[in-house]
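Subject: The structure we talked about

Hi there,

Here is the structure I promised to send over. Have a look at it first, and then read on for what turned up.

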Amino acid sequence: MTIRHLKTARSEADRAEDDAKVRAIVENGLKDIEARGDAAVREMAEKFDNYSPASYRLSDDDIQSIIAKVSDRDMADIRFAQEQVRNFAQAQRDSMLDIEVEPMPGVILGHKNIPVQSAGCYVPGGKFPMVASAHMSVATASVAKVPRIVACTPPFKGEPNPAVIAAMHMGGAHEIYVLGGIQAVGAMAIGTETIEPVHMLVGPGNAFVAEAKRQLFGRVGIDLFAGPTETMVIADETAADGELCATDLLGQAEHGYNSPAVLLTNSEKLAKDTLAEIDRLLKIIPTADTAGKSWEDYGEVIVCDTYDEMLAVADDIASEHVQVMTDRDDWFLENMTCYGALFLGPRTNVSNGDKVIGTNHTLPTKKAGRYTGGLWVGKYLKTHSYQKITTDAAAAKIGAYGSRLCLLEGFVGHAEQCNVRVRRYGGINVPYGGPAPYTDAAE
């Protein structure tokens, strides 16, 4: 068995050099925001977005005035998409139950799912107004009942994009700021004189936004470490042809100049047909400058001999979006373990997932699908445990075991927390700092 690369991408070393430059810029920007607050945010917004209103936060009147610019047809489409996202998020939330059990008489254990108390949702929009990202982050936070939802988006062509603002407002944002990039993420996480910091940052963005979230992780929570959009098409000749594969690859490559796009197939003919179709489509697609650059630097075509090989390669790459068009789509669903989201069958496509079908489009990249899924309603929830002992007998029994186990590790103070309860509730005279005895009364 052999794996053949008909087209390869840029080396990891080249990508690492780009990452280092972004890292330094972001680090300096965040330090400036921490030191100078609103003044630093305004300077960065003027420099990067050429945007300097009296206030970056939109008032209720501002929001209504901006939303009035959205056509009735576009509003209906936004409502439909947001309903799909809300419905799926609600179904996910309903699956997450608070629990309480009594594993032995008098001992009660449980957990509660509690929403984070504030979330900062970044919605990209400098190059393309990402209306759908507002559904994915803001509306999902609303389903989770986050009590304070802050939404930031950059200006689009010098002013707030009406459709994005409408989607943020309809999604349930409590505060909306027209801010982009490092300055938006930094202001939400660090806080300024006019922006109260949040507990969690979510949402996709460019390399600078992603790096800012990475550097701020720990100070605040984040949904995931995100890189450029990635797509993989797994296809055979039974379910796909060159046009379908090429369209699905370029449809995601247009996100940016560094969006990996990979064709994985067991058909050399399909691979070559796809390469030819990509050349054809790049002559007519309006976003060819962007998609073509991504394909040139980050496109790959990999031909395998068997489906098992295709599965192994796919799990190793762990792509964000995986479009499967084969004679065994459900086999890939059953056996794949590392990916962001699967799109099964030729009738399905990544754009549906990006915009309207209902699943969340904020997904793991850069192999993060090996250890995490994407943004969902559960990301906004913290599962907190609690415990309660309600009888003297249970307090003595658990305390006796705890006493001995604490001393096994050398923690005398810990043991005394247990011993004092054995004495009080079990009536057993345990020497200070000593182990509770094995007795019927205590156990």
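His321 sits in strand S12, residues 321–325; helices (H or I, at least four residues) and strands (E, at least two) are DSSP runs, numbered from the N terminus. Leaving out residues up to four places away in sequence, His321 touches Thr229, Glu230, Thr231, Met232, Gln252, Ala341, Phe343, Val350, Asp354 and Leu363, where contact means heavy atoms within 4.5 Å.

A word on the source: this is a predicted model, in which local features need pLDDT of at least 70 and side-chain atom pairs count only at pLDDT 80 or more, while totals for chains, interfaces and linings use all residues. Residues are numbered from 1 along each chain as its sequence is written, and side-chain values use heavy atoms, with hydrogens and water left out.

**The whole protein**

The protein has 16 helices and 14 strands, and its C-alpha trace spans about 85 × 65 × 45 Å along the principal axes. Of its 443 residues, 51% are buried. Among contacts between residues at least 6 apart in sequence, 73% join residues at least 24 apart. The protein exposes about 20800 Å², with carbon and sulfur atoms supplying 53% of that; accessible areas come from the Shrake-Rupley method with a 1.4 Å probe, and for residues only the protein chains shown count as cover.

**The cores**

The largest nonpolar core has 67 residues. Such a core is a set of buried Ala, Val, Leu, Ile, Met, Phe, Trp, Tyr and Cys residues joined through side-chain atoms within 4.5 Å. Its members with the most contacts inside it are Val146, Met168, Leu179, Leu201, Leu216 and Tyr380. Helix H7 (residues 181–190) gives the largest share of this core, 7 residues. A second, separate core of 20 residues includes Leu250, Ala291, Trp295 and Val303.

H15 has 17 residues and reaches 24 Å from its first C-alpha to its last, close to the 24 Å expected at 1.5 Å a residue; the expected span is 1.5 Å times one less than the number of residues. Its buried residues, among them Ala394, Gly399 and Arg404, pack against strand S3 (107–115), S14 and H16. Just after H15, Gly410 takes a positive phi of about 90°.

H16 (residues 412–426) has 15 residues and should span 21 Å; its end C-alpha atoms are 20 Å apart, which agrees. Ala415, Glu416, Cys418, Asn419 and Val422 are buried in H16, and their cover includes H15 (392–408).

**One loop, two residues**

Thr362 lies in the loop between helix H14 (350–355) and strand S14 (381–389). With 3% relative accessibility, Thr362 counts as buried. Beyond its neighbours within four places in sequence, Thr362 is in contact with residues including Met136, Asp223 and Leu375.

Tyr371 is also in the loop between H14 and S14, but at 58% relative accessibility Tyr371 counts as exposed.

Happy browsing, and do write back with any questions!

Terms used: Buried means under 20% relative accessible area, exposed over 50%, partly exposed in between (1.4 Å probe, protein chains only).
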